[in-house]
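Please open the structure in the viewer and follow the stops below in order. Each stop names a selection and then describes what is found there.

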Amino acid sequence: IRPDILSPQAMVQLQQLCDKVPPFESAVAMQCVRDELGVEDVSELFSTITPEPVAAASLGQVYKATLREGGDEVAVKVQRPFVLETVSLDLHLARAAGQFLRKMSPEASQRVDVVSLLDEFAANFYRELDYVLECENGIRIARDMRRLPRVKIPANYPQLTSRRVHTAEWVDGEKLSQSTADDVGELVNLGVITYLTQLLDTGFFHADPHPGNMLRTPEGRLVILDFGLMTEVTDDQKYGMIEAIAHLINRDYSLIGEDFKNMDFIPRDVDTAPIVPALSKVFDVALAGGGAKSINFQELAADLAEITYEFPFRIPPYSALIIRAISVLEGIALVGNPQFAIIDEAYPYLSRKLLTDDSPRMREALRYMVYGEGKTFDVDRVIDLLQALEKFVAVRDTGDGTAYKVDGVRGGVYVGQAGDARGTRALDADGDAKARSALDAYRAEAVEGVSDGFSDAGFAAAASAAAAAAAGA
């Protein structure tokens, strides 16, 4: 659900479909708990449990309970009866329709293969119906997110979980999309870093960030719930996305055509040269007025959709859940901040990745960000990368939203909009001193991942190039 697109009245009605689905009988639910967890009476496990569910959704409903052993408050989710059978029938009918469309229009299927997309969705959906997997996912994501102290992932109880019953820590909070707290914007920024960490670092991505799955605790922490729908991202896919963003920031549309090939949006044997003019028009509109990072992801996706029928674009199955999740995340953010742009808020994480990842592809992407296609060292872009790294550390550690620039202003000072400079300023003595001073400050603060070797190597090469240029002049 995109709360920035729908009217409040439509949001209320559609949210009821997510959060106010009529519950099934509690007697049936309690029998399921007894059968699945192997007890004669629910009281053997829980000293208290609500007589009726506190929430109900399409796949299951939740009861609040207290563990008999230890006294922890927990959420007990019970799956609806016959969900597996009902979903299987629906998927079978939808796949049959997709196979019919594939026969009727083979050319259209090459662009958007409904059957392949449905197979990807079905596999993930069946995994979502196995609460044992959801429990394992929750444990894994909690381990991955320990580096983000303001993010709260509820603890899971595998000993009290089965395929149709899931027990997790109860967390009090309000929906982030409905909160009026002053720090909502900061938590949205933190959410962006959280999801980018999953997408571009750990490779284990929560693909269901709808408004009901993101809460704000009374203490001001970001809670993420429900890890049934997950997707794995390969290293090649991670690097492809980072490279595409780097080329986008530099407005190098010819290389974005190759990025689309690398990410499997365009077949390998297609000449991307005829596509570049169309891409240029789309991206020029998307990038106008705010630098390369001021992009509304949803608008960009809609514009790109208009040219997919003129050129051989296709939607690879792995990307469907990622595109959906990022679009929903952006929609939540735009309600509280109309100026929100997903690439702008993603840039702090991207800078951290570029400055700390030692893989050859990321080293090349960093070189490209600093030098562009030529050999001109851009001081402003290096400083911009370091400022973005500062923002990443501030949001990760303290949720300090002031570390973010708004219209080029951070902390009451205009520091420029990232993406304005595009590799046109040669390194001079003053620029060298500014860049060294900035990096020394990060070293002194022991910013994680900033090594001594990176800057010395980069600046030595830049100094040599500058000296050679000066000698030639």
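Begin by selecting helix α7 (residues 184-202) and helix α8 (residues 235-249), which pack at an angle of about 115 degrees with their axes 8 Å apart. Axes are lines fitted to C-alpha atoms, for helices over the stretch in contact, and angles run from 0 to 180 degrees between N-to-C directions. Helices are DSSP runs (H or I, at least four residues), numbered from the N terminus. Next, display L199, L200, D201 and T202 of α7 with K238, M241 and I242 of α8, which make the contact (heavy atoms within 4.5 Å).

This is a predicted model, in which local features need pLDDT of at least 70, side-chain atom pairs count only at pLDDT 80 or more, and totals for chains, interfaces and linings use all residues. Residues are numbered from 1 along each chain as its sequence is written, and side-chain values use heavy atoms, with hydrogens and water left out.

On the α8 side, D236, E243, A244, H247 and L248 meet L255, I256, D259 and N262 of α9.

Finally, select C32 and C135. Are they buried or exposed? C32 is buried, with a relative accessible area of 6%, and C135 is also buried, at 2% (buried means under 20% relative accessible area, with a 1.4 Å probe and protein chains only). The structure holds zero disulfides, a disulfide being a pair of cysteine sulfur atoms within 2.5 Å.

Note on methods. Buried < 20%, exposed > 50% of the residue type's maximum accessible area, 1.4 Å probe, protein only. Helix = DSSP H or I, 4+ residues; strand = E, 2+ residues; numbered from the N terminus.
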